[in-house]
Amino acid sequence: MAEVAISFTVEKLGSMLVHKVAFLQGVAKEVKWLKEELQRMQCFLKDAEEKQGNDELIRKWISDIRDVAQDAEDVIETFILKVDAPRRRSRGLLETCACLPDHVYHLDMVGEEIESIRSRLKDISRGCDRYGIQSLGERTMTTMTSSEGVQWRRQLSHWQKDKDVVGLEADVESVLHNIVFTKRKGLVIGSIVGMGGIGKSTLARIVYNNDTVVNQFERRAWVCISSEFSPKEIIKEVVLQLLEPSEDKLKVLEIMERSPLEHLKSMVHERLQGKPYFIILDDVWEAAHWQSLASAFPNEEDKTSILLLTTRKLSVTKDDQIYAHKIKTLNREKSWELFLKKAFTGNNGQCPEELKATARDILQKCNGLPLAITVIGGLLKKHGQSKDEWTKVLKGMNSHLKTGESSVSHIMELSYHDLPPQLKSCFLCLGFFKEDATIRAEKLIQVWIAQGLIPPKEDKDETMEEIARDYLDELINRNMIQVKDTTKDDRVKNCLIHDFLHDLAITKAKEEIRLEILRDEGGGSQSSLKSRHRVIYCGTEMPVFSSQKNNHIRSLFFHGHGNNIFGGSTVWKNFQLLRVLDFENAGLEFLPDAIGEIVGLRYLGLRNNDIKELPSSFSRLKNLQVLDISLNFSMEVPNIIWKMISLRHLYMSRITCQASPKVDYLKNLQTLTYIPTPRWTREHTARMTSLRKLGLELDEKSDIINLFDSLAMLANLLCLNLRWYGNHDISFEDGLRKLPCLTQLKLQGKMTELPTVGNFPPNLSHLSLIYTALDKDPMPVLEKLPKLVYLKLDGAFTGEEMTITRDGLPKLNVLSLRELFKLRNIRVGARGMSDLRRLEIHRCPHLDNLPGELEFMAHLGELKMVTTEEIVSKLRYNHSRIFSRIPSLHLVSVTLKD
């Protein structure tokens with residue numbers, strides 16, 4: 001298919017004609033012709049793709065269209081960058097005049113290149129007659145409308161709390177009986193074995209979260225192995241999941257970065273020694289992978305511990321395992337039950353009579369594989385209850401599958417082909433991330449925008465980020481992406497992609513957008529001169545890429561660590577069209593100045609490294625939209641941020657800078673976290689009209705009154721995070737009420753007392769108090785906040801009793817109480833928290849009683865409590881009636897310290 005490439009180029013050229021018209025003077029007419037001619041060729045693509053089959057000539061014709069579309073994009077973007085270069089450097093009339101000969105030269109060059117592309121397009125056009133390819137008219141190539149996005153958003157409740165697990169009841173019982181609840185002592189090793197897409201990880205997750213399992217084992221961890229096996233990264237992840245609450249995560253990370261594998265294994269061993277533990281190693285591919293990890297897990301004969309693996313190969317643990325559970329495909333009845341849940345959200349989950357025969361035929365092709373049923377169900381749900389559309393899907397499946405044969409990969413491909421072009425482009429970007437990786441939704445969306453995949457709205461009522469959220473939601477509703485967890489306002493926070501779909505994204509991206517994956521496999525990898533997107537898996541010694549010139553690269557993603565990650569300084573001059581550069585978790589200590597020469601860069605990911613200083617050359621990155629330097633502590637940031645005039649999102653952590661970063665110059669900035677208040681620019685804050693989320697670090701010298709006077713000028717500020725360190729108290733007096741638009745607030749640090757009710761923002765809906773250590777009960781104030789729907793108190797109160805009076809907290813949906821170490825009682829008056837949906841209580845070691853009013857909370861659907869075994873037993877005995885009314889109940893016992 002060339003659909004993705006040509007659709008993207010048409011969209012891009014159209015956007016350039018609108019937003020870059022000043023740069024295209026002299027060639028605008030030619031660019032418009034290119035756009036219209038490529039648009040015309042789109043009408044022939046559908047027929048060509050249906051006719052190609054084994055016809056090598058038609059496949060070559062389609063490939064030629066893809067090449068010319070991508071070359072056209074390169075030519076125009078290169079021209080714009082060259083024309084823009086002197087404008088970035090020049091200031092006076094003489095300098096401008098001196099640049100005119102260069103401008104004329106560039107016009108001549110781009111004119112010749114466009115003429116060459118025009119000639120190639122004419123040859124391609126003649127091929128339509130030669131190969132009998134017909135125009136099928138204007139295709140539905142437009143992007144989703146805002147109303148469509150809203151419609152999808154309204155349907156999200158089913159995936160936010162996805163409970164569509166079918167047919168695993170007997171499997172769960174078998175694994176629990178034969179692996180977990182055996183009478184054996186020592187380390188019990190078991191495995192769940194089955195083909196891809198059959199539900200191994202789903203079964204393991206159910207067992208992992210079983211209440212009895214959670215209560216029985218003091219230590220638990222879950223890590224994904226995947227085919228990209230890195231024992232050091234896996235062991236580091238186990239250590240992080242086993243950290244005690246009192247441990248400093250950043251210090252542990254720093255130690256691990258410097259430690260060899262054997263020392264990391266000893267860190268795991270120490271944390272598990274003397275305790276019963278339950279560890280899941282998900283998706284183990286080779287016996288050698290498991291064997292290289294085995295020594296990290298202690299085997300103590302007086303305790304029962306469990307190591308549970310999921311794998312496609314029975315041989316992976318055959319020498320060590322006690323029991324292997326082979327998971328089977330779903331039978332006809334269970335397949336139908338799952339299909340109904342996935343294909344029908346309305347109609348009471350029933351299939352109309354006129355669709356049943358077609359549905360049964362489609363389901364037969366899935367061969368009982370849950371992943372295949374889930375994905376095909378998402379595809380059919382999008383088509384509604386149209387018999388014609390369902391018949392087309394069945395025909396598509398038949399065209400991919402031979403008689404009597406079924407393959408989940410073919411069903412995945414069918415679902416991909418059903419995506420509209422803009423969603424295809426977004427889906428392909430998933431191939432940039434590591435297999436089995438947890439993908440931050442925010443990062444994925446920003447990469448899409450940086451690549452130019454999200455068209456800006458002319459009326460600007462909806463931001464590109466909001467449009468991208470609609471795209472993400474639709475991919476989720478089509479079951480192409482899985483939700484891992486959500487934010488406090490029920491938006492997707494982190495997501496996952498099944499390895500089958502990840503493989504599909506990589507395969508299609510290699511074909512459609514020239515994705516290239518390089519690995520250090522002893523002899524290095526030879527890179528292609530025509531690749532447009534490159535993912536590099538770094539080794540420890542070999543250079544990760546050569547100094548070959550490649551003027552086509554749009555994105556570079558680095559995974560892993562490497563001593564020679566940068567190569568020579570001249571390397572970066574070869575990537576002038578680069579838009580996305582991601583070094584997250586790459587172990588960097590410095591950055592080369594030459595990166596500042598990549599003036600087309602939109603996204604620069606430097607999160608979680610040990611970089612000491614941001615180069616001054618980065619001031620040239622005028623097109624940069626996202627700069628993520630968070631988790632690089634004490635990084636020196638020169639006075640250059642204000643020159644990055646296109647920044648939309650800026651993430652930092654405890655930076656040091658000699659002068660104010662002048663962020664008020666950044667009129668497009670939407671996110672800014674975290675900036676120290678001594679460096680907060682307040683003189684012209686009113687210019688930051690786009691800022692929606694702000695994080696500030698306060699200190700004892702912070703002028704709170706002047707600070708909030710400044711914040712009051714941020715007309716669109718919705719989310720504010722304030723944090724401070726040490727034992728000094730912060731008092732906000734009447735500052736917060738000056739922020740009428742604010743809906744989300746997080747306060748982190750010691751406080752003497754809360755502001756009064758009237759001094760909170762009037763529209764506040766989400767509030768988190770972290771380590772505020774308040775002496776007085778905060779509820780007399782908080783219960784009167786009329787719009788509060790989410791409340792988190794984490795180390796926020798040092799007293800023994802909290803009281804919510806009659807009708808208090810009327811709108812609250814979620815209450816989360818954590819580490820309130822002295823709390824013994826919660827009183828709730830009649831109709832208090834009457835709309836509560838979820839209650840979480842973690843590590844409150846003296847809270848052994850729950851308010852009786854919980855029994856009358858009609859909407860309470862989930863209660864999760866992590867406390868001592870003694871308190872769990874007491875609660876089960878005293879509150880059995882309350883518990884029986886709560887659909888989702890999780891009581892987890894752990895060892896707690898006061």
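**Strands, rings and charges in a predicted model**

Reader: How do β3 and β4 pair, and over how many bridges?

Author: β3 (residues 277-284) and β4 (residues 304-311) pair in the parallel sense, over five bridges. Two strands count as paired if DSSP finds at least two bridges between them. Strands are DSSP runs (E, at least two residues) and helices likewise (H or I, at least four), numbered from the N terminus. This is a predicted model: local features need pLDDT of at least 70, side-chain atom pairs count only at pLDDT 80 or more, and totals for chains, interfaces and linings use all residues. Residues are numbered from 1 along each chain as its sequence is written, and side-chain values use heavy atoms, with hydrogens and water left out.

Reader: What stands opposite phenylalanine 278?

Author: Isoleucine 306, in β4.

Reader: What is the strand order in the open sheet?

Author: Five strands, β2-β3-β4-β1-β5, with parallel pairing. β2 (219-224) and β5 (323-326) are at the edges with a single partner strand each, so one side of each has no neighbour in the sheet. On average, neighbouring strands are turned by 15 degrees against each other, direction ignored.

Reader: Which strands does helix α9 lie across?

Author: Helix α9 (residues 200-208) lies across β1 (186-193), β2, β3, β4 and β5. Contact here means heavy atoms within 4.5 Å. α9 runs at about 165 degrees to β2. Axes are lines fitted to C-alpha atoms, for helices over the stretch in contact, and angles run from 0 to 180 degrees between N-to-C directions.

Reader: Switching to rings. How many aromatic pairs?

Author: The whole structure has 14. Rings of Phe, Tyr and Trp (its six-membered ring) pair if their centres lie within 6.5 Å; planes under 30 degrees apart are stacked, over 60 edge-to-face, the rest tilted. Tyrosine 416 and phenylalanine 427 make a tilted pair, 5.8 Å centre to centre, with 45 degrees between the planes.

Reader: Why does that pair tie parts together?

Author: Tyrosine 416 is in helix α19 (residues 408-417) and phenylalanine 427 in helix α20 (residues 421-428), so the pair ties together parts eleven residues apart in sequence.

Reader: Are those two buried or exposed?

Author: Both tyrosine 416 and phenylalanine 427 are buried. Buried means under 20% relative accessible area, exposed over 50%, partly exposed in between (1.4 Å probe, protein chains only).

Reader: Which rings cluster with Trp222?

Author: Ring pairs link Trp222 with Tyr208, Phe217 and Phe278.

Reader: What charge sits over tryptophan 222?

Author: The charged end of arginine 205, 3.8 Å from the ring centre. The test is NZ of Lys or CZ of Arg within 6 Å of the ring centre and within 35 degrees of the ring normal.
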